[in-house]
Amino acid sequence: MQFGPIAIAEAVGCIAAHTIRTATTIVKKGAAITPDMAAKLAEAGVTEIVAVRLEPGDVDENSAAARLAARMAGDGVVAEAPFTGRVNLFASAAGVLRLDVGAIDAFNAVDEAITVATLPALKAVVAGELVATVKIIPYAVPETQVEAALAALTGAPAVSVAAYRPSKVAVISTLLPGLKPSVVDKTLRVLRERLEPASAALAVDRRVPHETGPLAAAIAENAAGEADILVVFGASAITDRRDVIPQALVDAGGQVEHLGMPVDPGNLLMLGTIGGKPVIGAPGCARSPKENSFDWVLQRRLAGIPVERADVQRMGVGGLLMEIVSRPQPRAPGQHEPGSVAGIVLAAGQSTRMGARNKLLQPLRGKPILRHAVEAQLEAGLSPVLVVTGHERDAVEAALAELPMRHS
């Protein structure tokens, strides 16, 4: 590929490297120069332009991007048409993003002109979400580089989505004196919200004393039932393999595969199996809708992706999901407590550009868009959070049920 100034008389068939504006015509960047364009530019007094001339063996940016994206896209991924050397890859179904990280690294190492960027591996995605983008930097690349990049994508496609499978989840909650039923009810509500994007069902709600015998019996009963996944919410955290929950799993005929995770929050999570079914001993933070280790494990299980001991041990990088306010931060000694900052969410509009539907109430990742906005302010520590309502006030307030904010 040749790049540089070209006399306007020789520019026909070349590609404009930059947008050219004259009083009578505009030639956009990336446009192929036609005889008519060249004539109008000459009439306007343009004698030369910076342009690209393809040479034998060159592949234009769109053709190269399309070929590479087609090789890269696997199950659950669709590629859009190329434009300006770019092909975007989208999830065609809700699920968990699977990447061949080694192949992607090798692909990006072929040449600076050939790139792909992706979301993080094993991230939960929804249908229509952008998961990767292939971009050719210049206007063309040699065929040899395209072939080298294709060769880096050996084996299965490097980008795919493991779609969620229809699943039934059995929940066993252990109880201790002082644990309010409302706490368990809220836990199940939060779990249903986690299951909704996967169209999974909470099939069993079983509550037993926080004792090994009753819990072992409940685990054995549900292992023989219709549930695909068993989740145990303990009234007390798991602190040892001989604690109530892991011991009950063993007594029921199952096995503890791993206890503890290099993910915070969510260190005290247990992985196990019984009768070929996964058992998750949920950490206490799983009662909260905030992201924690439980989300990572549950999402993968719902997509049929195994989570084994080695997988858990590799979760440390990126596993610090949030700071705990009560934990001292050594990097900031002696700081005074900051003053509170209020948040305001404007939710009174009529969403006229959406037609008959209220934009704020449309679902996104299993909950209304408005709820995402309010939860983001609450998670950021804003207090108080004020929501200004107006249009469809009752429906708006219902979408924010149980959140600690004020309506006005």
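Mentor: Met1 is partly exposed, with a relative accessible area of 33%, where buried means under 20%, exposed over 50% and partly exposed in between, using a 1.4 Å probe and protein chains only. This is a predicted model, in which local features need pLDDT of at least 70 and side-chain atom pairs count only at pLDDT 80 or more, while totals for chains, interfaces and linings use all residues. Residues are numbered from 1 along each chain as its sequence is written, and side-chain values use heavy atoms, with hydrogens and water left out.

Met1 lies in the segment before β1 (2-7); helices (H or I, at least four residues) and strands (E, at least two) are DSSP runs numbered from the N terminus. Together with Phe3, Val50 and Leu54, Met1 makes a nonpolar surface patch of about 320 Å². Such a patch is built from residues with over 30% relative accessible area and no salt bridge, with nonpolar side chains (Val, Leu, Ile, Met, Phe, Trp, Tyr) joined within 5 Å and like charges within 9 Å. A salt bridge is a side-chain nitrogen of Lys or Arg within 4 Å of a carboxyl oxygen of Asp or Glu, and the areas come from the Shrake-Rupley method with a 1.4 Å probe, counting only the protein chains shown as cover for residues.

Now to the helix. In α7 (residues 244-251) the buried residues are Val244, Ile245, Pro246, Ala248 and Leu249, and their cover includes α6, β17 (229-233), β18 (255-259), β19 (270-274) and β20 (277-282). Just after α7, Gly253 takes a positive phi of about 105 degrees.

Gln255 lies in strand β18 and is partly exposed at 45% relative accessible area. Leaving out residues up to four places away in sequence, Gln255 touches Leu249, Gly272 and Thr273, where contact means heavy atoms within 4.5 Å.

His210 sits in the loop between β16 (201-209) and α6 (212-223), and counts as buried because its relative accessibility is 13%. The side chains of His210 and Thr174 are joined by a polar contact of 2.7 Å, meaning a pair of N or O atoms within 3.5 Å; within protein, one must be able to donate a hydrogen and the other to accept it, and residues adjacent in sequence count only if both atoms are side-chain atoms.
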